[in-house]
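Work through the exercises below with the sequence and the model open. Each task is followed by a solution in steps.

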Amino acid sequence: MEKLQLTRDPILQQDLEEIAGSDMIEWERFRGKTILITGATGLIGSQAAMALTLAGKLRDLNLKVLALVRNREKAEKMLGSCLEQGLELLIGDVTAFPGTEEKIDFVLHGAGVTASKQFVEKPVETILTTLKGTEAMLELARSHRAEGMVYLSSMEAYGVVDPEHYIVREKDYGYIDPLEARSSYSESKRMAEGLCAAYAHEYGLPVKNARLAQTFGAGIPESENRVFAQFARSILKGEDLVLHTDGSKAHCYCYTSDAVLGLLKILLEGEPGQAYNVSNEDTFSTIREMAQMLVEEYPESGSRLVFDIPKDASLYGYAPSSRMLVNSGKLQSLGWKPQVNLSGMYRRLMGSMKGWKEFQGEPRP
């Protein structure tokens, strides 16, 4: 397969090439098709857009990728190389789709509020963006008679599960307090999933839900402030890893390229109206265990694990403490299998991060 450079980050470039070259996906299904990606400047949306653009070119699929974004400048900075290869930007808000003359064949809907602090400070906007945006995309897919649609949901849709039954499959649900502001995210994810299932049932729309474990890897934005990015930056700078909770929350994670392949698998082969967990079960660990792993694997950093727990952690938008191993057997039964373990996720993430301007403004290695 020929070389097509879409990023100066060699680790991200390798990830994109691995997606485009994967035999997990029946790429011929995309021949001559148009796929719309919302939230295309987000971590998953942007990498899906780049990987599909790359696969379309390298496989000569005549595939058109449309990226719905709100900020043109940000999108051009992030996806500029793809624009030279045929990716097209649609500028607008997901709740008020600007429209296109293109016939939309597939939809990857990932737009929504993703910053934890916003869930608490802007719960109304969090809920309405999720519900109105999902309704708009469902109506679009319906009117275009789309062949497939995937809604990017979250493992937070499960809520807080019984710690005695922490292995969670798609039919297992825990508790969510709808009166808590922080629940604006998890409750709206549940409702959006229900709306997708309703469209599948009532209108026969081939829409599926993908419940993503927390996903990270090469190419995260410099502004990313979730715990995995904080940990990685601390190791690279030789600073202590600071926990603002007791670190007992235990979850699974997923590497970005694994997640994108999972989404494409669900898009093409998932059953309409169903949900699929996208998670690497081998990454299951507590936040504290993850931090300790990094301290032990990178002793040259001099980083230590320390705790600084605020009196009212709820003000920071932290998810409720829970223990949940998200089982991905249903997705794996379609032929998907994650490739990158937790140690590898951090190794690739930090290799990518070394090019950030806080490290002397040098280009990514």
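The model is predicted.

**Exercise 1.** Find which residues of helix α7 (residues 227–237) are buried, and what they pack against.

*Solution.* Step 1: apply the cut-off for burial, under 20% relative accessible area. Step 2: the buried residues in α7 are Phe 228, Ala 229, Phe 231, Ala 232, Arg 233, Ser 234 and Ile 235. Step 3: the partners of these buried residues are β8 (214–216), β9 (241–243), α9 (287–297) and α11 (342–353). Step 4: after α7 comes Gly 238, with a positive phi near 75°.

**Exercise 2.** Determine how the axes of α5 (residues 123–143) and α6 (residues 183–203) are arranged, and which residues meet.

*Solution.* Step 1: the two axes come within 9 Å and cross at roughly 20°. Step 2: angles under 35 degrees count as roughly parallel, and α5 and α6 are therefore roughly parallel to each other. Step 3: their crossing is right-handed. Step 4: on the α5 side the contact includes Ile 127, Leu 131, Glu 135 and Leu 138, and on the α6 side it includes Tyr 185, Met 191, Leu 195 and Tyr 199. Step 5: sorted by class, this contact has 11 nonpolar, five polar and four charged residues.

**Exercise 3.** Describe the largest nonpolar core and the surroundings of Phe 30.

*Solution.* Step 1: the largest nonpolar core has 81 residues, and those with the most contacts inside it are Phe 30, Leu 52, Leu 108 and Tyr 346. Step 2: helix α2 (residues 43–58) gives the largest share of this core, 10 residues. Step 3: leaving aside residues up to four places away in sequence, Phe 30 touches Ile 25, Leu 52, Leu 61, Leu 63, Phe 106, Leu 264, Leu 267 and Leu 268. Step 4: a second, separate core has 21 residues, among them Leu 66, Leu 140, Ala 146 and Cys 196.

**Exercise 4.** Locate Asn 62 and Arg 145 and decide for each: buried or exposed?

*Solution.* Step 1: most residues other than glycine have a negative phi. Step 2: Asn 62 is not a glycine, yet has a positive phi of about 55°. Step 3: Asn 62 sits in the loop between α2 and β2 (64–69). Step 4: the relative accessibility of Asn 62 is 63%, so Asn 62 counts as exposed. Step 5: Arg 145, also a residue other than glycine, has a positive phi near 50°. Step 6: the loop between α5 and β5 (148–154) holds Arg 145. Step 7: Arg 145 has a relative accessible area of 72% and is therefore exposed.

Notes:
Residues are numbered from 1 along each chain as its sequence is written. This is a predicted model: local features need pLDDT of at least 70, side-chain atom pairs count only at pLDDT 80 or more; totals for chains, interfaces and linings use all residues. Side-chain values use heavy atoms; hydrogens and water are left out. Axes are lines fitted to C-alpha atoms, for helices over the stretch in contact, and angles run from 0 to 180 degrees between N-to-C directions. Helices (H or I, at least four residues) and strands (E, at least two) are DSSP runs, numbered from the N terminus. Angles under 35 degrees count as roughly parallel, over 145 as roughly antiparallel, 65 to 115 as roughly perpendicular and the rest as oblique. A crossing is left-handed if the near helix is turned anticlockwise from the far one by less than a right angle, and right-handed if clockwise. Contact means heavy atoms within 4.5 Å. Ala, Val, Leu, Ile, Met, Phe, Trp, Tyr, Cys and Pro count as nonpolar, Asp, Glu, Lys and Arg as charged, and the others, Gly among them, as polar. Buried means under 20% relative accessible area, exposed over 50%, partly exposed in between (1.4 Å probe, protein chains only). A nonpolar core is a set of buried Ala, Val, Leu, Ile, Met, Phe, Trp, Tyr and Cys residues joined through side-chain atoms within 4.5 Å.
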